[in-house]
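Today I am looking up what surrounds the ligands.

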Amino acid sequence: MLLSDDIKQKALQLGFDLVGITDASPIDDNHVECLKSWLDADFAAGMGYMQRNLEKRINPANLFEGARSVIIAGLNYKPSAGSICRQSPQPMGRVAHYAQYEDYHPFIKNQLRKLTDFIISVAGPGLKFKICCDSAPLLERAVAERAGLGFIGKNHMLINPDLGPEILLGEVLTNIELVPSEPIKNSCGDCNKCLNACPTGALRPDGYFDANKCISYFTIEHNGDIPENLAEIMGDRLFGCDECVLACPYQHKAPTCRNARFIFHPERVVLDLRALSCLSQEDFDLAFADSALRRAGLDRLKRNARICLENQRRKHSS
Ligand code: B12
Ligand code: SF4
Ligand code: SF4
């Protein structure tokens, strides 16, 4: 069997749901144009890091010298139905699906490291690898599309026709020349459900995504106050937002996460807002050491909790 096929088979054995390969040539022009006009229009809001390292973000060979191929893997994170609805007498705040699990960054990187160990064991030493997951400057969704993992929907998610949009991505850049996978041809067609479901208009009718209006951006990435009009629309969304994902028909028919090694934390589906408001830094560090919630940090989470509590108070008094 070809090395490329061996690698794909091993990635699936390691618990990934999807795997594809593309060459390390620059990102396709249409994506680069979209990224540049997105940055020019200030749709990146306060994410200054998106303005930096443009040359790396649009060309894997600039991110990793000598790169010839990119192996990209996808992990299904759709939670099982039983874990979605949780009732409590306390005011609770909702957490985005991906953060209801252990932090996916080290999980995916560890699995990809096992994949590179396997490649060395069959192809010999002297090979070079760079493992990325989320934080590296690389247009991951554009790479995933070219490697045949799915298509990019109007909600800007990489969507696999069978597994839906709830797929987390990680990559191995390597100096080995591998056989590229074929892109797939599906699309959204006439559907506009995610645009209609976005509570703030962050998904614009012209197809662009505006972080200045996105609840996910404000609750996870933004420092300082959240504008009043958006704070009200936040409702009980404490960390992240899944509306444009949950509206998608591809999400509805997708199977749930089947990787038992990717640990799901039922106690992170919703969080007690009052308890969070008076949590000490020490207790936060202990409780969320292995969680993507650390990205926001305790101060932002407390700010979000105050807003969710105020929204719930307003709802009950009206
Ligand atoms: C910055 C960032 C964010 C920001 C900005 C989001 C954004 N849309 O850019 C914030 C904090 C808001 C965010 C939110 C979320 N994120 Co995020 N995020 C990233 C990060 C680090 C970079 C994304 C990026 O390059 N943005 C630049 C802009 C220009 O990209 P874009 O809007 O998607 O546009 C591109 C394509 O859509 C494409 N395109 C194709 N057709 C068209 C048509 C038109 C008209 C346009 C304009 C563009 C376009 O062109 C552009 C360039 O490729 C990536 C990891 C990475 N390194 O890639 C994760 C990543 C995209 N995030 C991820 C996730 C899971 C989420 C959330 C679902 C989390 C949540 N529940 O809150 C939401 C989803 C929000 C959304 N609908 O995009 C996953 C997505 C996996 C997937 N299946 O697609 C990623 C890949 C992380 C990972 N490793 O798994 N995220
Ligand atoms: S994450 Fe929420 S606010 Fe942001 S684009 Fe999607 S639905 Fe809109
Ligand atoms: S909800 Fe409809 S338009 Fe939006 S991404 Fe899914 S299929 Fe595409």
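I started with Glu 140: one of its polar side-chain atoms lies 2.7 Å from a nitrogen atom of ligand 1, a polar contact (a pair of N or O atoms within 3.5 Å). Asp 242 does likewise, with a polar side-chain atom 2.8 Å from a nitrogen atom of ligand 1. At Leu 138 I found a polar backbone atom, 3.0 Å from a nitrogen atom of ligand 1.

A note on the source: this is a predicted model, where local features need pLDDT of at least 70 and side-chain atom pairs count only at pLDDT 80 or more, while totals for chains, interfaces and linings use all residues. Residues are numbered from 1 along each chain, chains are lettered from A and ligands numbered from 1 as written, and side-chain values use heavy atoms, without hydrogens and water.

Next I listed the shell of ligand 1, taking residues with a heavy atom within 4 Å. There are 38 residues around ligand 1, and among those that come nearest are His 31, His 156 and Ser 216. Helix H2 (29–40) gives the largest share, 4 residues; helices here are DSSP runs of H or I, at least four residues long.

Why does ligand 1 lie between domain 1 and domain 2? I see that domain 1 (3–78 + 103–174) and domain 2 (193–317) both give residues to its shell, so ligand 1 lies between them; the bounds come from an automatic or database domain assignment.

Conventions. Polar contact = N/O pair within 3.5 Å; in protein donor to acceptor, adjacent residues only side chain to side chain. Helix = DSSP H or I, 4+ residues; strand = E, 2+ residues; numbered from the N terminus.
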